[in-house]
Amino acid sequence: MIEAVGLTKRYGDKLAVDNLSFQVRPGAVTGFLGPNGSGKSTTMRMILGLDNPTAGTVTICGRPYRELPNAPRQVGALLDAKAVHGGRSARNHLLCLAQLSGIPARRVDEVLGVVGLHDVAKKRSRGFSLGMGQRLGIAAALLGDPQVLLFDEPVNGLDPEGILWVRNLMKSLAAEGRTVFVSSHLMSEMALTADHLIVIGRGRLLADMSVKDFIAANSAGFARVRTPDTEPQQREKLTSVLTEAGAHVLPEQDGALRVTGLPLPRISDLAHEAGVRLWELSPHQASLEEAYMRMTQEAVDYRSTADQKAGLMQPLPPGAEPPLPVPGQGQPGWYVPPPPQRDERASAPDTAQSSGTSGRPAAPAEQPSAPVAASAADPADSAPSEDAR
Ligand SMILES: Nc1ncnc2c1ncn2[C@@H]1O[C@H](COP(=O)(O)OP(=O)(O)OP(=O)(O)O)[C@@H](O)[C@H]1O
């Protein structure tokens, strides 16, 4: 169990972490989400004793990291996969970490197998790809077979097979009763991996709840309605009928309508009364990404501006019309999630009003390629020193 109470970190004028209180419990994967610069890495560094809090406390199993007996055997962490001596081989890097923590050498070969680096164990890590570096960092985190694991962006640079492997690894570690705290910007992956979420923005706690509750609290279900493509007037008629009845109707790119504010049976009745045939009437649940975007849109520090591409734009061909503006775009609170993908439609919940998980299929039951053996490296060896960034 990790517990933060009033955790605060200030760098000069910058309040990086602002009075954070939360618990990360064993037996579950807890996702740590927040926009760029929101304070996730700083929080993780304070958990690991690499930064001192300006105020507040954070403990692991009731003690600050630096007071844990044989901490590398209790806590494993991947903070910065690049923080490796490039001239050392993968095996030697892990051997050094193992020797510092009194971990037997055979454990190094075990974790090299677990992360799939056995064949390149004698190669210098300098030549490793981004994904291989991530795997080496994960191996270091697993080295001491710790009960508490922290991973900062573990799937960064991994290929699809690697992402699936990390997902199953996290879940297996949690299923063994370990505490697994993982940060990521990949919402679709978090929706499949995490049980619980801690979301921060500008250093402050925005949410501490299950993935299911988070989506339900930050998004609304909607109905997708499609009229015959061959009769566009039916679509217009239905749009005005539904709008008059109090629905909010948004056109989707493929010609369907996204309807919120009315239950599915009512949409069906109104269409029937108006003599509009329907080719599709389906319930949809918002994704974790949509819910996250909604919650954090006020807490984003680094946002790209519209790229005008003034000098690059081709003039429109004669007779062509510029794209239609999207209703509400640019207004405060505007956010239109992307249209659902086909596989999401296939796995949507039964009613537009129901809450639930992301609406995606459950994670496949693949197991990691080798038995999960966990362990820890001393994070102090693989992360920059305090305030050194
Ligand atoms: N050593 C430092 N000195 C000064 N400011 C820092 C230092 N470390 C972090 N910060 C600032 O604290 C804020 C939080 O940074 P942090 O790296 O914790 O965010 P993050 O949520 O991990 O971001 P990202 O998702 O981009 O990795 C940022 O504004 C960052 O510039």
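**Ligand shell and domain contacts**

The shell around the ligand divides into two nonpolar, seven polar and four charged residues. Here Ala, Val, Leu, Ile, Met, Phe, Trp, Tyr, Cys and Pro count as nonpolar, Asp, Glu, Lys and Arg as charged, and the others, Gly among them, as polar. The model is predicted: local features need pLDDT of at least 70, side-chain atom pairs count only at pLDDT 80 or more, and totals for chains, interfaces and linings use all residues. Residues are numbered from 1 along each chain as its sequence is written.

In total, 13 residues surround the ligand. A residue is near a molecule or strand if its C-beta atom, placed from the backbone, lies within 6 Å of it. The closest are Tyr11, Ala16, Asn36, Ser41 and Thr42. Strand E2 (14-24) and helix H1 (40-47) each supply at least two residues of this shell. H1 gives the most, with three residues. Helices (H or I, at least four residues) and strands (E, at least two) are DSSP runs, numbered from the N terminus.

The chain is assigned domain 1 (2-217) and domain 2 (220-289). These bounds come from an automatic or database domain assignment. The C-alpha centres of the two domains lie 44 Å apart. Six residues of domain 1 are in contact with five residues of domain 2; contact requires C-beta atoms, placed from the backbone, within 7 Å. On the side of domain 1 that touches domain 2, helix H7 (187-193) and helix H8 (211-218) each supply at least two residues. H7 gives the most to that side, with four residues. By class, that side has five nonpolar, one polar and no charged residues.

Conventions
Contact = placed C-beta atoms within 7 Å.
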